[in-house]
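I opened a new structure today and kept notes as I went. The entries follow the order in which I looked things up.

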Amino acid sequence: MEKGFNSDVSWLGTQYHVQTEDWGIANPYLVSRVFRNGAVVKSIKTSYEEVLPGGPSTESKAIRLAMKIQHQQILDLLMSGKLL
């Protein structure tokens, strides 16, 4: 299981915390959550099969890269106003 990514961002005067984590090979999903005032306002769950060529993998570099890409995509969508 890979360690996740965390970012705090402000958009239109509102603070958000974005967290992306790997649930591990036994539960092969990458999960991103967007928090506002401590409450989850959006959750995105992506299976390894959707983002890793060849499906579930124990290759930590591939998982880490997929997690980083998902985290950045969530930040981009949030800052563009397309996520919420």
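My notes go from the whole protein to single residues.

**Entry 1: what kind of model.** I noted at the start that this is a predicted model.

**Entry 2: the fold.** I looked up the secondary structure and found two helices and four strands. I then read along the sequence and wrote down the pattern β-β-β-β-α-α. The radius of gyration is 13 Å, close to the 12 Å from the globule rule for 84 residues, so I recorded the protein as being as compact as a globular protein of that length.

**Entry 3: extent and surface.** I looked up the box that the C-alpha atoms fill along the principal axes, and it is roughly 40 × 20 × 15 Å. The accessible surface comes to about 5200 Å². Carbon and sulfur atoms hold 50% of that surface. Of the 84 residues, 35% are buried.

**Entry 4: contacts along the chain.** I took the contacts with a separation of 6 or more and asked what share comes from residues 24 or more positions apart. The share is 41%.

**Entry 5: charges.** I counted 9 positive and 8 negative charges, and their mean positions lie 6 Å apart. How many salt bridges does the structure hold? I found one. The salt bridge joins the side chains of arginine 33 and glutamate 21, at 3.1 Å from N to O. Arginine 33 belongs to strand E3 (residues 29-36) and glutamate 21 to strand E2 (residues 14-22), so the pair ties together parts twelve residues apart in sequence.

**Entry 6: are the two partners buried or exposed?** Glutamate 21 has a relative accessible area of 25%, so glutamate 21 is partly exposed. The cut-off I used here is that buried means under 20%.

**Entry 7: valine 31.** Which residues does valine 31 touch, leaving aside neighbours within four places in sequence? I listed Gln19, Thr20, Glu21, Trp23, Ser43, Ile44, Lys45 and Gln70. Glu21 in that list is also the salt-bridge partner of arginine 33.

**Entry 8: one distance.** I looked up valine 31 against alanine 62, which is 31 residues away in sequence. From C-alpha to C-alpha the two are 15 Å apart in space.

Note on methods. Residues numbered from 1 in each chain as written. Predicted model: local features only at pLDDT ≥ 70, side-chain atom pairs only at ≥ 80, totals over all residues. Heavy atoms only, no water. Rg over C-alpha atoms; globule rule 2.2 N^0.38 Å. Buried < 20%, exposed > 50% of the residue type's maximum accessible area, 1.4 Å probe, protein only. Contact = heavy atoms within 4.5 Å. Areas by Shrake-Rupley, 256 points an atom, 1.4 Å probe, with all protein chains shown as cover. Lys, Arg positive; Asp, Glu negative; His and termini not counted. Charge placed at Lys NZ, Arg CZ, Asp CG, Glu CD. Salt bridge = Lys/Arg side-chain N within 4 Å of Asp/Glu carboxyl O.
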